[in-house]
Amino acid sequence: FSEFSDRDKVSEALSKATFTDLGQALVDIVKLEPELLSRMSIITARPKSTLDINQKWLTSKGLPISKLQGFGGPGLTASEIADLKAAALEPGSLFVDDDPRNIASAMKRSSEGIESYQYGANLPTENINTDINIQC
């Protein structure tokens with residue numbers, strides 16, 4: 001994950017990037033229900049030092065989410081980052097991710113009312129009335 005810390009590399013990578021299926025699904029949902037944006041946040045493996053670049057890219061792609069949290073950094077493993085992300089979840093929130101490691105870490109907090117869904121598997125699509133946390 002050390003390449004996520006280099007601002008030039010991040011900018012270069014994002015200039016060629018496209019959304020994952022999860023990202024595109026969120027754009028589609030926001031088009032239908034723009035009020036959901038105010039309750040969405042992004043929790044990412046990217047470090048805090050590059051969040052502004054990521055936020056600009058998300059906005060340019062139709063997902064202007066203002067709440068981003070970064071937990072990555074040199075020397076951290078994917079497992080450690082998953083645990084840091086899970087620790088940042090607010091009780092009572094909904095967590096959606098496409099990486100099973102992140103879902104597994106978040107599920108450890110289910111007793112706090114945190115619902116975790118792997119994208120593409122039983123994701124609720126109606127009556128979402130909680131904060132939505134998305135990993136990217």
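Me: Among contacts between residues at least 6 apart in sequence, what share joins residues at least 24 apart?
Reply: This is a predicted model, where local features need pLDDT of at least 70, side-chain atom pairs count only at pLDDT 80 or more, and totals for chains, interfaces and linings use all residues. Residues are numbered from 1 along each chain as its sequence is written, and side-chain values use heavy atoms, leaving out hydrogens and water. A contact means heavy atoms within 4.5 Å. For residues at least 24 apart, the share is 62%.

Me: In what order do the elements run from the N terminus?
Reply: Helices (H or I, at least four residues) and strands (E, at least two) are DSSP runs, numbered from the N terminus. The protein has five helices and five strands. Their order is α-α-β-α-β-α-β-α-β-β.

Me: How are the rings of F19 and W57 arranged?
Reply: Rings of Phe, Tyr and Trp (its six-membered ring) pair if their centres lie within 6.5 Å; planes under 30 degrees apart are stacked, over 60 edge-to-face, the rest tilted. One aromatic pair turns up in the whole structure. The centres of F19 and W57 are 5.1 Å apart and their planes meet at 65 degrees, so the pair is edge-to-face.

Me: How many residues apart in sequence are the parts that this pair ties together?
Reply: F19 sits in the loop between α1 (7-15) and α2 (21-32). W57 belongs to helix α3 (residues 51-60), so the parts tied together are apart by 38 residues.

Me: Is W57 buried or exposed?
Reply: Buried means under 20% relative accessible area, exposed over 50%, partly exposed in between (1.4 Å probe, protein chains only). W57 has 14%, so W57 is buried.
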